[in-house]
Amino acid sequence: EKEKQKLSQFLNSVKAEFMVVYGRRRIGKTYLIRQYFENSKNLFFNATGMKEGKLEDQTKHFSEQIGRSFFNGMTPKAGTSWEEVFKLLTDVIEQTKKIYKAKKIVLFLDEFPWMASKNSKLLEKLDYYWNQHWSNDDRIKLIICGSSASWIIDKIIYNKGGLHNRVTYTLQLEPFTLGETRKFLSHLGFKINHRQVTQVYMITGGVPHYLAQLNSNASIDQNIDEIAFSKNSFLFSEFDKLFSSLFDDVEAYLNILKILAAQPLGMGQAALFETLKIPKGQGTLSKLKSLEICGFIMSFTPYGHKEKGTYYKIIDEYTLFYFAWLAPLGNILSSKGLGQHYWEKRKLTPEWLAWSGYAFESLCHKHSMHIAQALGISASSVPGTWRYIPKKNSTDQGAQIDLLFDRDDDAITLCEIKYTENPLSIDKAYAKNLTQKMEVFRERTKTTKQLFLALISAAGLKKSIYSEELVNHLVTLDHLFID
C-alpha cells in the first residue's frame, strides 16, 4: 500500500519525474509497476533488458516495444545504437502531443542493468536524452528498474556524471512482512494460523514468488516437502538462478555467504577476511555492500564495540534455510529427492531446533519496529545486538544478547528471543542464565542506564515465580503480525 501511494504521487506530479525501483529477484517489482500503470488511462511504454543480450538484440527489442506502445504493433525501423533508439522514442513522444496532449507518458525500462552491455554507451545516452529532452516534458515519468540493486544504486542513484542528482524518486521493494505474508497466503486460499505462517516465512523470507509456489490444498509440511525436498525442487533450483541473475562474480558472493552461514550469530570483518584468505580490499567490501543492499546480510556494530569494527550476519531466511538444509543434500535433491514426510520427521531434531532459533531471530530483527511498538518504546530507540566472548583460558563468563533497544529515556531493553513449540517455561537454571547475561552486559559495557528484560517468544510464556521476577515485557507472534 505504501508503494502504491508513492507511485500515485509520482504519476500525478505536474513535472517530469525520474524514479528508480530496485529489489531482489522474485520480489514483485515488474508485477507492481505493470499492475499499477498498465490499467491507468495514460500511455505506458515498457521495454525489458535481456540478460547477456547483444547490443543489436537489445535495441531491436526496444524498437519493437516502441511499435507496440505507439504504433499499434507496427515495428519501426530498428535502431542499431542507443542514440538512434532514444532519438526514435523522443520523436514519437513529441508526436503524441497532438493526439494525447493531456495524457501522462510512463517510460518503464525494466532490468535496465542488462541493457547496459559492454561499450553500449547506454548510460551516456540516457544522461543526454533525460537532461536535454525528457526532463523538459512535464508528461514524462521515467522508471528505471532492476534486480541488480548494487548496480542500480552505484550507476544511477549515485551517478557521478550527468545523471548526478537527477533521480527524483527511489522505491526499494522489500519482502513481505509477516502481516503481509498472512494476507497474501489468505488471498491464495490458505486457512492457517500465525505459527504456520511464521514457519513458511522462516523458509521463504516473505518473497512473494516463493509463497506463490504453495498449494492451499496441502498442509504446510507437505508444501515444504514439495517445494524444498522433492527432486530438483523449486527452492533448491532457485538458489543458483537467484545469485546468477544478481551478480557476475557469483562464486565470490556465494563463498562469503557460505562462511557467514556457518556463523549465524555474526562474524567480524577481520575474521571474515582472514577466513576468505584475502587481504581487506575494496572489491570484497563492495561485494559485502551489494549483499547488504540486496537484503541478504546486515552489517552492524555490537553495542559498545565501536573499536572492534563492523560485523556481518545473514538475515535472509531463505539463504539461511538453503545453507542449513538444501546445500548439504544437493546430490540427493539433484538425483531423486527425499519423498514425503521428510520435513515432518526432521522437526524437533537438534538440527531443526538450532536452525529455527536462528531463523526466528533473523525474523525478529526484520520486525524490530513491530517489537519496539509492542514494548511501548520510542520508534527512535536504536536496535542492536551484543556479545561478549572471553579470551581463551579466561574464567570470565560470556554472554549473548539477541536484540536490544538503546532507548531515549536512559534505559536499555535487553531481548531474549526464543522459538519453541510450547509456551516457554523459565525454571531456576534458565533464570540464573538470564540474570547472568544482564550482569555480564552491565559489567562489560559499563552502562549506568536502567536495564529491562523482554522475552520474545513464538509460543508465549508459562508463568512462574522466575518469569514474574525477571521478565518485564512479553512479545508474542501476534505482536509481529500487526501492520
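C364 is buried, at 0% relative accessibility, where buried denotes under 20% relative accessible area, exposed over 50% and partly exposed the range in between, computed with a 1.4 Å probe on protein chains only. The structure is a predicted model, in which local features need pLDDT of at least 70 and side-chain atom pairs count only at pLDDT 80 or more, whereas totals for chains, interfaces and linings use all residues. Residues are numbered from 1 along each chain as its sequence is written, and side-chain values use heavy atoms, with hydrogens and water left out.

The closest cysteine sulfur to that of C364 belongs to C415 and lies 8.7 Å away, too far for a bond. With a disulfide defined as a pair of cysteine sulfur atoms within 2.5 Å, the structure holds 0 disulfides.

The strands described next, like the helices, are DSSP runs numbered from the N terminus (strands, E, at least two residues; helices, H or I, at least four). An open sheet is formed by 5 strands in the order β2-β3-β4-β1-β5, with parallel pairing. Because β2 (43-48) and β5 each have a single partner strand, they stand at the edges, and one side of each is left without a neighbour in the sheet. Neighbouring strands are turned against each other by 15° on average, direction ignored. Two strands are taken as paired if DSSP finds at least two bridges between them.

Strand β1 (residues 17-22) is mostly covered, 6 of its 6 residues being buried. Both of its faces are covered, with E17, M19 and V21 buried on one side and F18, V20 and Y22 buried on the other. β1 runs parallel to strand β4 (residues 140-146), to which 6 bridges join it; F18 stands opposite L142 in β4. The pairing of β1 with strand β5 (residues 169-172) is also parallel and comprises 4 bridges, and Y169 of β5 is the bridge partner of M19. Strand β3 (residues 105-110) pairs with β4 in the parallel sense over 5 bridges, with V106 opposite K141 in β4.

Helix α3 lies across β2 and β3 and runs at about 160° to β2. Axes are lines fitted to C-alpha atoms, for helices over the stretch in contact, and angles run from 0 to 180 degrees between N-to-C directions. Helix α3 (residues 55-70) also packs with helix α4 (residues 82-99) at an angle of about 10°, the axes being 10 Å apart. The two helices are therefore roughly parallel, a class that covers angles under 35 degrees, as against over 145 for roughly antiparallel, 65 to 115 for roughly perpendicular and the rest for oblique. Contact, meaning heavy atoms within 4.5 Å, is made by L55, Q58, T59, F62, S63, I66 and F70 of α3 and by W82, V85, F86, L88, L89, V92 and T96 of α4.

L477 is located in helix α23 (residues 477-480) and is buried, with a relative accessible area of 5%. Apart from neighbours within four places in sequence, the contacts of L477 are H194, R195, T198, F360, S457 and A458. The C-alpha atoms of L477 and E124, 353 residues apart along the chain, are separated by 50 Å.
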